Amino acid sequence: MKKILVGVDHSPRTAEVLAAAVELASRTGAKLILFRAVTIPSDPMPEAVDSDESFGTLLERRALAEVVESAKAVPSELVLGCEAEFGVPWEVICKKAKQHDVDCIVIGSQGHGVVDRLLGTTAAKVVNHADRSVMVIRDARRFAA
């Protein structure tokens with residue numbers, strides 16, 4: 001294994017996903033590409049009002065800063081790169097995996113609500129559409145009870 005794409009989303013689960021990716025990379029000698037798919041945020045972006053940049057560019061820049069911050073928790077020798085891209089999360093994750101010719105995608109399992117069950121979670125869609133292996137990190141606390 002040479003390259004692993006790690007989907008991070010700046011949620012509390014990111015630490016678990018990163019830890020699993022670091023362990024896998026350490027065992028296989030692979031390098032990590034940390035990636036964040038960017039969507040329209042639910043929180044306001046006051047910096048968008050006075051900016052000359054497009055809204056999508058602002059979103060990507062903010063997300064990339066969060067990915068770079070997440071990378072600080074990873075041994076630097078394992079990090080091949082940090083990226084962010086605006087789009088439908090499962091689609092851009094699959095696209096980036098193909099673009100970088102990664103051996104595996106590591107993502108967290110997030111949604112468990114009614115909408116997620118009807119439409120499918122990002123993790124489920126990545127598993128169903130990716131043309132390479134996907135490792136889904138489940139919330140251990142959820143299943144410990």
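This is a predicted model: local features need pLDDT of at least 70, side-chain atom pairs count only at pLDDT 80 or more; totals for chains, interfaces and linings use all residues.
Local features are reported where pLDDT is at least 70, side-chain atom pairs count only at pLDDT 80 or more, and totals for chains, interfaces and linings use all residues. Residues are numbered from 1 along each chain as its sequence is written, and side-chain values use heavy atoms, with hydrogens and water left out. Five bridges join β4 to β5, and these strands run parallel; two strands are said to pair if DSSP finds at least two bridges between them. Strand β1 (residues 3-7) also pairs with β4 in the parallel sense, here over three bridges. In that pairing, Leu5 stands opposite Ile105 in β4.

Strand β4 itself (residues 104-108) is mostly covered, five of its five residues being buried. Buried here means under 20% relative accessible area, exposed means over 50%, and partly exposed lies in between, using a 1.4 Å probe and protein chains only. Cys104, Val106 and Gly108 point one way from β4, while Ile105 and Ile107 point the other way. In a regular strand the side chains alternate between the two faces of the sheet.

The chain has six helices and five strands, where helices (H or I, at least four residues) and strands (E, at least two) are DSSP runs numbered from the N terminus. Read from the N terminus on, the elements run β-α-β-α-β-α-β-α-α-β-α. Of the 145 residues in the chain, 40% are buried. Among contacts (heavy atoms within 4.5 Å) between residues at least 6 apart in sequence, 73% join residues at least 24 apart. The accessible surface comes to about 8,200 Å², and 55% of this belongs to carbon and sulfur atoms; accessible areas come from the Shrake-Rupley method with a 1.4 Å probe, and for residues only the protein chains shown count as cover.

Charged pairs come next. A search of the whole structure finds 10 salt bridges, each being a side-chain nitrogen of Lys or Arg within 4 Å of a carboxyl oxygen of Asp or Glu. The side chains of Glu83 and Lys96 meet in one of them, at 2.9 Å from N to O. Because Glu83 lies in strand β3 and Lys96 in helix α3 (residues 89-99), this pair ties together parts that are 13 residues apart in sequence. Lys96 is buried, with a relative accessible area of 8%. Lys96 also meets Glu85 in a salt bridge, at 3.3 Å from N to O. Glu85 lies in strand β3, so this pair links parts 11 residues apart in sequence. Glu85 is buried too, at 15% relative accessible area. Glu83, Glu85, Lys95 and Lys96 are linked in a network of salt bridges.

Asp131 sits in the loop between α5 (122-129) and β5 (133-137), so the pair ties together parts that are 33 residues apart in sequence. Lys98 counts as exposed at 53% relative accessibility, whereas Asp131 is partly exposed at 47%.

Finally, Ile40, Phe55 and Phe86 form a nonpolar surface patch with about 280 Å² of accessible area together. Patches are made of residues with over 30% relative accessible area and no salt bridge, joining like charges within 9 Å and nonpolar side chains (Val, Leu, Ile, Met, Phe, Trp, Tyr) within 5 Å. Phe86 lies in strand β3 (residues 79-86) and is partly exposed, with a relative accessible area of 35%.
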